[in-house]
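Please consult the sequence and the model shown below while reading.

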Amino acid sequence: MGGGAGDAGWAERRPALLGVLLSLSLSCPAALSEPLRYRIPEELARGSVVGNLAADLGLGVRELPTRKLRVSSEEPHFAVSAERGELLVSRRLDREQLCGRKPVCALELEAVAENPLDFYHVSVEIEDINDHPPKFMQDSFDLQISESTKPETRFILGSAHDADIGTNSLQNYQLSPNDHFSLVNKEKLDGSKYPELVLKMPLDREEQKSYHLTLIAVDCGDPPLSSTAQIRVLVTDANDNPPVFSQELYRVGLLENVTPGTTVLRVTATDQDEGVNAQITFFFTEAGQATQFDLNFTTGEITTRNTLDFEDVKEYSIVLEARDGGGMIAQCTVEIEVLDVNDNVPEVTFQSLTDRIMENTSLGTYIALLKIRDKDSGDNGEVTCKLEGDVPFKLLTSSRNTYKLVTDRALDREQIPEYNVTIIATDRGKPPLSSSTTITLHITDVNDNAPVFQQSAYLVHVPENNPPGVSIAQVSASDPDLGPNGQVAYSIVASDLEPRALSSYVSVSAQSGVVFAQRAFDHEQLRAFELTLQARDQGSPALSANVSLRVLVGDRNDNAPRVLYPALGPDGSALFDTVPRAAQPGYLVTKVVAVDADSGHNAWLSYHVLQASEPGLFSLGLRTGEVRTARALGDRDAARQRLLVAVRDGGQPPLSATATLLLVFADSLQEALPDLSDRPAPSDPQAELQFYLVVALALISVLFLLAVILAVALRLRRSSSSTTWGCFQPGLCVKSGPVVPPLYSEGTLPYSYNLCVTQAGKTEFNFLTCKEQLSSGQDILCGDSSGALFPLCNSGESTSQQQAPPNTDWRFSQAQRPGTSGSQNGDETGTWPNNQFDTEMLQAMILASASEAADGSSTLGGGAGTMGLSARYGPQFTLQHVPDYRQNVYIPGSNATLTNAAGKRDGKAPAGGNGNKKKSGKKEKK
């Protein structure tokens, strides 16, 4: 019956409620400052619609999936429809259970919408329906009334309780019709009502000993509800004076934290009767009041039975009854106010929480929503919230007792991968109480760190001739990121090598960073190269770093010295050098020139004499390779000397090469010719003299025969065709200067000279200049066992020109020596020769000069007895800078006049050494 009444009332009030909600939704579209209020009756069925929350908040139906509208409260009384955004009832709503006798029962909740995150305060007021009838604590009441009781005496009856409020609560009491009694409705200070039975006329026990009355309690609900209790009145003999309390109403305040057994107060009552009628006992009029308090029925002292809790019950109203021995009673009311004590610590509740946060999260990003609750009231329930320690987060007040946890500083997972955030809530009580809650926030990695190499640059030394595939270096880079963001791969991105050849030289392991040599390195070909290595992580987007790796190829002693001078002749025999017989000690005979393709100590050459015909006759420079006379030539010394020189480098183990020097002591070419043979000299001086005479006779005969053939050829050349005697034409061979044959064997001196024999038996050597290229058929060569070449050519101008004076000194000067020992730049017999030398010989001389300079005892630099190349030409000397040597060559052993371009230019005759200078004004026949 109560439920039907409530539904009817709700149907009548629904239009008014819709109007209120419509006005609220129009005036407060977002409910930013004032809460959104709804009013519904209690006991609505589950799933009933409270209101369209989404529409009242200004949210469209299409926005609901993304905004994720929901409600947050301590008790899940309501829910939000995901399809329409309606606020629905999710559990039974009993106003009396939720709010008790509060005049207004409102449930506060928070509406949460995401993307963006918004909070709205919603208040749902629960209206009371008449679902509880008034109810007496006892079904019957027994009253003993003395017959002497005067009319208008009042007796307090047991009151009924109605859980409803307002008009639905208990409104009045009614008494069944009776002639002796009437009923008066009384109201307490707290607004509750209780009945008093009033005696209308005197009682007479003798007429009627008892009366049965019916007490009715009625509320004003629609429809009204009621309950009844029976009153049995027993008429007793006269007890004229009832007990009287010292106060009709007792008020007392009691702290909620008092211990059980604490005395609340003591009530007192007096009775003017005597004897049994004056003995007063105290009782609780209602049995339910005895749950929290105890009453001493003789003394009237009230004590606490259980602990009190302000948050559960704030006030107690107790009705006490004093009864004397004659059965007369008196009643009073005791009101106990429970005083709040700060005995509840604040509670922190998380409504939503993001457990993982990206480290590149921007400032002010929402992390968590938390709500603070304190059951105390007043200052004891006012709570402030803060974060403990230095963390990159902060709390923002969203609404009353609601906070947002947001980022306050930049996050870096590599420095701090997670944070233990402690939230401290403190109330304002005295003393204040606080509580703390700790949450762990994990920072998620982002690829924000590029790989970093352990060194800014790498330098490695690799010895040459390394085995292919060997590891030569390892680079290492670190990336503090996690997972693929921290996995580093290595590669070669640039090099000073040819791009096509790079893969054939080196490679790098993508996982370990180990650099491998793909081939054996050669220091003489490649001394250093540089690589640019890159370390790239696997993040998205990927980050990388570069580093330079310089590889220096170290030298090993893998090249033996190579002797460039003296070189061997075409037939493999050693060439000879002549030494004047009058050479003094220290005379520079020749110089051994050798090179080593290695570098450093491996190319530091030293020269040693292995064998010598006369050990004490010559000395050899340890570092320069210069061969000098150690003493003057003795009479018993052989004219032909042989030296075996070893050239040794400074490597470990050292490598060496040998060179053979053939030295002939002679003052002229004719004198040296007998010694050019490679046969060993006879030990008998007489036999040696005879051998020289035979050789000289044979040589003169050959020369005479050649001269006769040449003279006949000159006579017949005019009648001969130019094709047959083209070699002897004046246009082909002239005395303008020397010429070098286009092809000559390595190890021979590249000089061409003309041997002309006159009728007087004198010979003249002139250089030839060939205007045309000589064919192999046009070369007339005369050779001996020494390997010397004598091209013969007749000059047409010899009959008309006067023979030049013979050279009295056939010996070389320091500036004229064709070997590597002449170094003077002076103009003793002409300028520096302008001959185009063999490439290897010149490079050998340059390297030997550098070796002398490194030795510290070198005489290079333009002084006497040196090569003279260091002073005139730099270390980058190449073949194209070599002067022509062809104009400065002399044939020893001949008294012929040697033509010299510089001598002709300067108008000087060659300087004589030991012979007499002669001038011939005759024209000689050839």
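Gly-389 counts as exposed because its relative accessibility is 60%; by definition, buried means under 20% relative accessible area, exposed over 50%, and partly exposed in between, with a 1.4 Å probe and protein chains only. The structure is a predicted model, in which local features need pLDDT of at least 70 and side-chain atom pairs count only at pLDDT 80 or more, while totals for chains, interfaces and linings use all residues. Residues are numbered from 1 along each chain as its sequence is written, and side-chain values use heavy atoms, with hydrogens and water left out.

**Two loop residues**

- Gly-389 lies in the loop that connects β29 (383-387) with β30 (393-399); strands are DSSP runs (E, at least two residues), numbered from the N terminus.
- Gly-389 and Ile-423 are 34 residues apart along the chain, and their C-alpha atoms are separated by 9.7 Å.
- Pro-202 belongs to the loop between β14 (193-199) and β15 (210-219).
- Pro-202 is classed as partly exposed because its relative accessibility is 48%.
- When residues up to four places away in sequence are not counted, Pro-202 touches Thr-149, Pro-151 and His-180, where contact means heavy atoms within 4.5 Å.
- From C-alpha to C-alpha, Pro-202 and Glu-152 are 9.2 Å apart in space, although 50 residues apart in sequence.

**Strand β6 and its partners**

- Strand β6 (residues 106-113) is largely enclosed by the rest of the structure, because six of its eight residues are buried.
- Strand β3 (residues 70-72) pairs with β6 in the antiparallel sense over three bridges; two strands pair if DSSP finds at least two bridges between them.
- Within this pairing, Arg-70 has Val-112 in β6 as its bridge partner.
- Strand β7 (residues 118-127) runs antiparallel to β6, and eight bridges join the two.
- Ala-111 has Tyr-120 in β7 as its bridge partner.
- The hairpin of β6 and β7 has four residues between the strands, and in this hairpin Asn-115 takes a positive phi near 55 degrees.

**A three-stranded open sheet**

- Three strands form an open sheet in the order β19-β23-β22, and their pairing is antiparallel.
- Its edge strands, β19 (263-266) and β22 (293-295), each pair on one side only.
- From one strand to the next, the twist averages 20 degrees; the axes are lines fitted to C-alpha atoms, and angles run from 0 to 180 degrees between N-to-C directions.
- Three bridges connect β19 with strand β23 (residues 301-304) in the antiparallel sense.
- Leu-265 stands opposite Ile-302 in β23.

**Cysteines and the disulfide**

- A search of the whole structure finds one disulfide, defined as a pair of cysteine sulfur atoms within 2.5 Å.
- This disulfide is formed by Cys-99 and Cys-105, whose sulfur atoms are 1.8 Å apart.
- The disulfide is right-handed because the torsion about the S-S bond of Cys-99 and Cys-105 is about 60 degrees.
- Cys-99 counts as buried, at 12% relative accessibility, and Cys-105 is buried, with a relative accessible area of 1%.
- Cys-332 is buried, with a relative accessible area of 1%, and Cys-385 counts as buried at 16% relative accessibility.
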